[in-house]
Amino acid sequence: MERLILFDIDGTLTRTQNGYLPFNQALFTTFGIPGDIRTVVPDGNTDPRIVQDIFLAANVRIEGDPPQWEEFAKTLKQCYSDAVKAGTTTVRPLPGAAELLRALSQNGGFGGSVVTGNFEQIAWVKLKTAGLDRYLCRGAYASDSPHRPDLPAVARRRWEDFSGRAISPEQCVIVGDTPKDLEAARTNGMKCVLVGTGRYPVEELLLHSPDACLPDLSDTSEVIQTLKCL
Ligand SMILES: [Mg+2]
């Protein structure tokens, strides 16, 4: 049976160092108010919700209407690209991520895409910087909806359009690093594998009863076997 694997990015495929620098800079440039992403827990959240949490923590009200989000995404992409070029921010693939994506792309039984809380432009900057973009189809992003559980269905539809084949939710597996990834999978009737490479250790992730839990993605054949057997 064919499977569509929908990968989360941060903490699952990549790790960013000093991502707060371009994020905070884009906040100030767009909204004219200093805010700090380090004052909130961003893991598993979408970029617009992260911004709202930051300003809520600082007791500041923002409008955050659609044009402003577009402006923020554009500015964030520029700030991120500049920071990566300058080397002040780094984005690296997590152990095994590149090998796994390469193996899946060469296996006719799998499709690979993303479901992420990043705005689309930022997702591509991160994936390109980590050398992972070539293996993944266009998925679903915070640009599609700030509500993460809305995103898996968007990614599934885009994959169907791209491949010309139908795929059911039961054939889709979300691979993520937070309980929010699991919640998005369950809302959409999809399977979920959680990995302990983000903020949450495996012991804590197991309490949420995902379909499978792995310490990381480093053992390519074990991961593929896990994905096949779900
Ligand atoms: Mg994540």
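Q: How many of the residues of the protein chain count as buried, and what makes a residue buried?
A: In this predicted model, 44% of the 230 residues count as buried. The cut-off is 20 or more other C-beta atoms within 10 Å of the residue's own.

Q: Why does the radius of gyration of the protein chain agree with a compact globule?
A: The globule rule is 2.2 Å times the number of residues to the power 0.38. For 230 residues this comes to near 17 Å, and the protein chain has 17 Å, so the two agree. Along the principal axes, the C-alpha trace spans about 50 × 35 × 35 Å.

Q: What makes both faces of β1 covered?
A: In a regular strand, side chains alternate between the two faces of the sheet. R3, I5 and F7 lie on one side of β1, L4 and L6 on the other, and all are buried. Both faces are therefore covered, given that buried requires 20 or more other C-beta atoms within 10 Å.

Q: How do you know that β1 pairs with β4 and with β5?
A: Pairing requires at least two bridges between two strands. β1 and β4 (residues 110-114) run parallel and are joined by 5 bridges, with F7 opposite V114. β1 and β5 (residues 172-176) have 4 bridges, also in the parallel sense, and I5 stands opposite V173. Both pairs therefore meet the requirement.

Key. Residues numbered from 1 in each chain as written. Predicted model: local features only at pLDDT ≥ 70, side-chain atom pairs only at ≥ 80, totals over all residues. Buried ≥ 20, exposed ≤ 12 C-beta atoms within 10 Å, placed from the backbone. Helix = DSSP H or I, 4+ residues; strand = E, 2+ residues; numbered from the N terminus.
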